[in-house]
Each structure stands twice: as structure tokens, then as C-alpha cells.
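Me: Could you go through this one with me, starting with the charged side chains and then moving on to the strands?
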Amino acid sequence: MLVGVGSGNGVFTASEIWRSPRLRASNGPVVYRDGFLYGFTGPQLLCLNADTAEIVWRERTGAGTLIALGDHLMVLGDGTGELRAVPVTPTGFSAVSSTRVLDEGARAVTGPSYADGRLFVRNLKEIVALRFQ
């Protein structure tokens with residue numbers, strides 16, 4: 001659901017702009033960038049037009065979580081331990097790098113996080129810090 005929030009005379013108001021079953025991000029955030037939303041619906045990563053909720057592209061990646069880091073999405077597979085860097089663009093999905101950073105098999109239900117030059121990824125059994133320079 002996209003909700004518009006406004007204010008006037010010291011009072012905030014909220015109204016529904018659109019509602020869609022297309023984006024069901026239960027384990028991670030949805031990333032907004034330049035008028036588009038990026039997030040998961042089950043085993044698919046989607047790009048939606050934020051104004052209309054229309055699907056721009058979808059890629060069967062398997063379930064996962066993500067964050068935006070610079071001009072890329074950092075996509076962590078749920079159960080695969082695979083981390084992919086994907087340009088944040090509505091023109092399509094194209095991973096520029098992919099590597100297994102966690103052992104396969106354990107669920108990764110917490111999204112990646114970034115602090116002080118390090119990307120932290122974890123699953124239910126382990127955590128890894130990756131340094132970015």
C-alpha cells in the first residue's frame with residue numbers, strides 16, 4: 001500500500017494512494033529510488049512504478065532481502081548465502097557481481113545493513129562483515 005501523508009493547520013492526514021498484492025515484502029524493506037520501488041514478492045525481485053504500482057520488471061531470484069548501497073541493490077538470498085550487487089535501475093535486472101558469503105542452508109531473514117564502510121549480512125547461524133573501500 002502507498003499512503004500519502006499531508007499536513008495543514010498542525011494536523012497530519014493520511015490517505016491511501018494505491019493498494020496492490022504485487023509487492024509482499026514480509027522479510028525485508030522495499031527500496032525507493034527515483035520514482036520506482038524495488039522489493040520481493042516471494043521468490044521474485046520486482047521493480048514497480050511508485051505512482052501506479054505497475055510492474056516494470058521482475059526477476060526470479062529466489063526469496064531474499066535487500067538494501068540500497070550507492071547505485072546498487074545488495075541482494076541477499078534467503079537460504080543460499082549468495083550476495084548479489086544489482087544496479088538500481090528500472091531498465092531491468094542485471095547482477096554485476098555474485099558471491100556466496102554465508103553457508104548455504106540457514107535462513108537469512110534479516111536484511112543486509114551498512115555502517116562505517118562495512119556491509120553486514122547474516123543468517124540464523126552466522127554473521128559476516130564485508131569491508132567496502
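Me: Is glutamate 82 buried, partly exposed or exposed?
Reply: Glutamate 82 is partly exposed, because its relative accessible area is 22%, where buried means under 20%, exposed over 50% and partly exposed in between, with a 1.4 Å probe and protein chains only. Please keep in mind that this is a predicted model, in which local features need pLDDT of at least 70 and side-chain atom pairs count only at pLDDT 80 or more, while totals for chains, interfaces and linings use all residues. Residues are numbered from 1 along each chain as its sequence is written, and side-chain values use heavy atoms, with hydrogens and water left out.

Me: Which side chain does glutamate 82 meet in a salt bridge?
Reply: The side chain of arginine 84, at 3.2 Å from N to O; a salt bridge here is a side-chain nitrogen of Lys or Arg within 4 Å of a carboxyl oxygen of Asp or Glu.

Me: And arginine 84, buried or exposed?
Reply: Arginine 84 counts as buried because its relative accessible area is 17%. This arginine lies in strand E9, residues 82-87, strands being DSSP runs of at least two residues, numbered from the N terminus.

Me: What else does arginine 84 touch?
Reply: Leaving aside residues up to four places away in sequence, arginine 84 touches several residues, including Leu73, Val75, Phe93 and Ser98, where contact means heavy atoms within 4.5 Å. Its side chain also reaches the backbone oxygen of threonine 61 at 3.3 Å.

Me: OK, how many salt bridges does the structure hold?
Reply: Three. One of them joins the side chains of arginine 107 and aspartate 78 at 2.8 Å, N to O, and this pair links distant parts of the chain, 29 residues apart, with arginine 107 in the loop between strands E10 (97-100) and E11 (113-115) and aspartate 78 in the loop between E8 (72-77) and E9. Aspartate 78 is buried, as its relative accessible area is 19%, whereas arginine 107 is partly exposed at 41%.

Me: Switching to the strands, how do E8 and E9 run?
Reply: E8 and E9 run antiparallel and are joined by five bridges, and two strands count as paired if DSSP finds at least two bridges between them. Methionine 74 has alanine 85 in E9 as its bridge partner, and in the hairpin, with four residues between the strands, glycine 79 takes a positive phi near 100 degrees.

Me: Where does E10 come in?
Reply: E10 pairs with E9 in the antiparallel sense over four bridges, and the bridge partner of glutamate 82 in E10 is arginine 100.

Technical notes:
Polar contact = N/O pair within 3.5 Å; in protein donor to acceptor, adjacent residues only side chain to side chain.
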